[in-house]
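Please find below a short note on the structure, arranged as numbered points. Each point takes up one local feature and may be read beside the displayed structure.

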Amino acid sequence: MDLIAETPYRFRIEQHGSMRVPGIVFASEALLPEKSEGALEQVVNVAGLPGIVGASYAMPDMHWGYGFAIGAVAATDVATGGVVSPGGVGFDISCGVRLLAADLDRDDFERRADRIMDGLSAAIPRGAGKGAVWELPDSELQRVLLEGSRYPVERGYGTQRDLDRCEDGGAVDDADTSQIGQRARARGLAQLGSLGSGNHFLEVQAVEQIYDQRAAEVFGLRQDGVCVMIHCGSRGLGHQICTDHVRAMESAMPRYGISVADRQLACAPVDSPEGRAYLGAMAAAANFARANRQVLGTAASDVFRKETGVELELVYDISHNLAKVESHAVDGETRQLCVHRKGATRALPPGHPELPPDLREVGQPVLIPGSMGTASYVLTGVPGGDAFFSTCHGAGRTQSRHQAVRSVDVKELRKELTRQGVRVRGSSARGLAEEAPTAYKDVDAVVEAAEGAGLCRKVARLVPLGVVKG
DNA sequence: ATGTTC
């Protein structure tokens with residue numbers, strides 16, 4: 001497989017074999033994954049999906065994943081048999097990032113840091129399985145699945161203004177809870193308002209650098225201001241929904257005469273009972289994920305109010321694992337496309353009609369969490385990018401979890417984070433080792449490549465002051 | 001990512 005460098009930040013895999021479109025990899029030479037890792041092969045495999053249009057895209061933080069690479073964008077044409085694939089969304093449906101800004105300077109935080117971090121540590125449930133801010137009866141879970149963040153707001157977790165700063169106003173339409181199994185529901189009941197584990201976290205951060213003063217101002221960010229970033233998703237509920245629908249699609253594929261290069265690319269036409277069932281269940285899981293971040297954001301706000309007297313204001317809340325049916329121009333014609341973004345973030349440009357009025361001038365905030373102990377970024381969408389208004393989603397792994405555990409000394413890691421002034425409230429030692437920054441790409445290089453490829457623009461760089469780790 | 005192999 002040959003990669004043709006089209007620009008310093010754009011590589012092309014020519015259409016060959018069963019590919020229906022070319023592959024386009026946005027990355028620098030240094031960020032390209034090793035061929036042996038299989039991520040580039042996954043770009044090729046996705047290019048063979050029925051109905052795919054444009055190209056099979058990959059972002060600079062790409063790495064090997066389930067079926068699709070993490071960092072993949074693929075759009076299929078709904079009207080001509082285009083498919084939807086759960087592997088193109090990922091197991092953590094609507095995993096994403098919520099950023100809140102405090103009217104507090106870095107120095108104000110430093111003076112009270114230990115109390116605030118202890119408060120957050122006590123208030124934020126985390127780790128596999130255990131604990132949630134809000135344990136729900138089944139009737140209320142139903143409301144969350146249909147109404148997303150709007151339901152917690154109605155029940156006092158947050159404000160109406162929060163919803164204006166959430167992707168989709170805090171809830172996606174077309175959730176179909178009849179497509180969710182009992183096991184998925186049962187897992188959701190005990191997990192609303194919980195981080196989970198893996199790369200999920202809550203971080204207190206400081207705005208270290210601003211690249212676009214006007215956009216930062218509109219977003220509510222200022223130099224040396226304190227922020228809280230929350231990275232989490234739909235927990236066991238989303239995971240179970242993915243599992244259930246992958247299985248259903250595996251058995252349905254022969255009926256549609258679909259064959260795929262990898263069993264993990266199980267899919268069905270968007271306009272089919274199986275396709276619609278998955279999208280309905282996926283939408284419900286997305287609403288659960290948004291409500292999860294809404295509840296956690298409110299729990300963090302409560303801690304800041306108690307310890308400092310200041311409120312946290314929502315900057316934005318955005319997913320990076322989702323499929324959406326969107327209108328896009330293809331060969332000069334407006335088409336309905338099912339846009340899969342897996343480890344990729346929507347990045348709407350200035351003037352886009354889906355943006356709320358106060359963000360329309362500068363574009364949609366894009367929230368990029370770095371690896372533990374490293375920087376995070378706030379970006380914004382730009383006109384003209386050719387991956388259906390998408391950009392990267394984070395640092396991207398270079399080592400598997402297993403490799404990281406073998407190579408990382410957790411004691412040294414804790415020492416290093418402390419030396420950098422990052423207060424750690426962890427979950428498991430193994431979890432910390434898996435998430436060591438040495439297991440990830442350099443987020444600064446990822447963002448530089450995404451910007452260089454014309455997918456987004458930098459607004460601010462944030463550095464960690466404290467982390468509550470899943 | 002995940003009651004980390006129903």
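**Notes on selected local features**

1. Asp77 is part of strand 5, which covers residues 70-77. The structure is a predicted model, and the remarks in this note should be read accordingly.

2. The surroundings of Asp77 deserve attention. With a relative accessible area of 6%, Asp77 is buried, because buried means under 20%. Its side chain forms a polar contact with the side chain of Thr80, at 2.8 Å. When neighbours within four places in sequence are left aside, Asp77 is in contact with Gly51, Val53 and Gly82, and also with Arg335, Gln336 and Leu337.

3. The aromatic residues come next. A pair of aromatic rings is described by the distance of the centres and the angle of the planes. Tyr66 counts as partly exposed, at 24% relative accessibility, and Phe91 counts as partly exposed at 25%.

4. A further ring pair is formed by Trp134 and Tyr151. Their centres lie 5.8 Å apart and their planes are at 15 degrees, so the pair is stacked. Trp134 is found in the loop between helix 3 (113-123) and helix 4 (138-147), whereas Tyr151 is in helix 5 (residues 150-154); the pair thus ties together parts 17 residues apart in sequence. Are these two residues buried or exposed? Trp134 counts as buried, at 8% relative accessibility, and Tyr151 is buried as well, with a relative accessible area of 4%.

5. Two other arrangements involve aromatic rings. Phe26, Tyr57 and Phe388 are linked into a cluster by ring pairs. The charged end of Lys458 sits over the ring of Tyr211, at 4.6 Å from the centre of that ring.

6. The last point concerns helix 12, which spans residues 410-419. Which residue caps the N-terminal end of this helix? The cap is Asp409, and one of its side-chain oxygens lies 3.0 Å from the backbone nitrogen of Lys411. Helix 12 is followed by Gly421, which has a positive phi, near 85 degrees.

How values were computed. Residues numbered from 1 in each chain as written. Chains lettered and ligands numbered in written order. Predicted model: local features only at pLDDT ≥ 70, side-chain atom pairs only at ≥ 80, totals over all residues. Heavy atoms only, no water. Polar contact = N/O pair within 3.5 Å; in protein donor to acceptor, adjacent residues only side chain to side chain. Helix = DSSP H or I, 4+ residues; strand = E, 2+ residues; numbered from the N terminus. Buried < 20%, exposed > 50% of the residue type's maximum accessible area, 1.4 Å probe, protein only. Contact = heavy atoms within 4.5 Å. Phe/Tyr/Trp six-rings, centres within 6.5 Å; stacked < 30°, edge-to-face > 60°. Lys NZ or Arg CZ within 6 Å of the ring centre and 35° of its normal.
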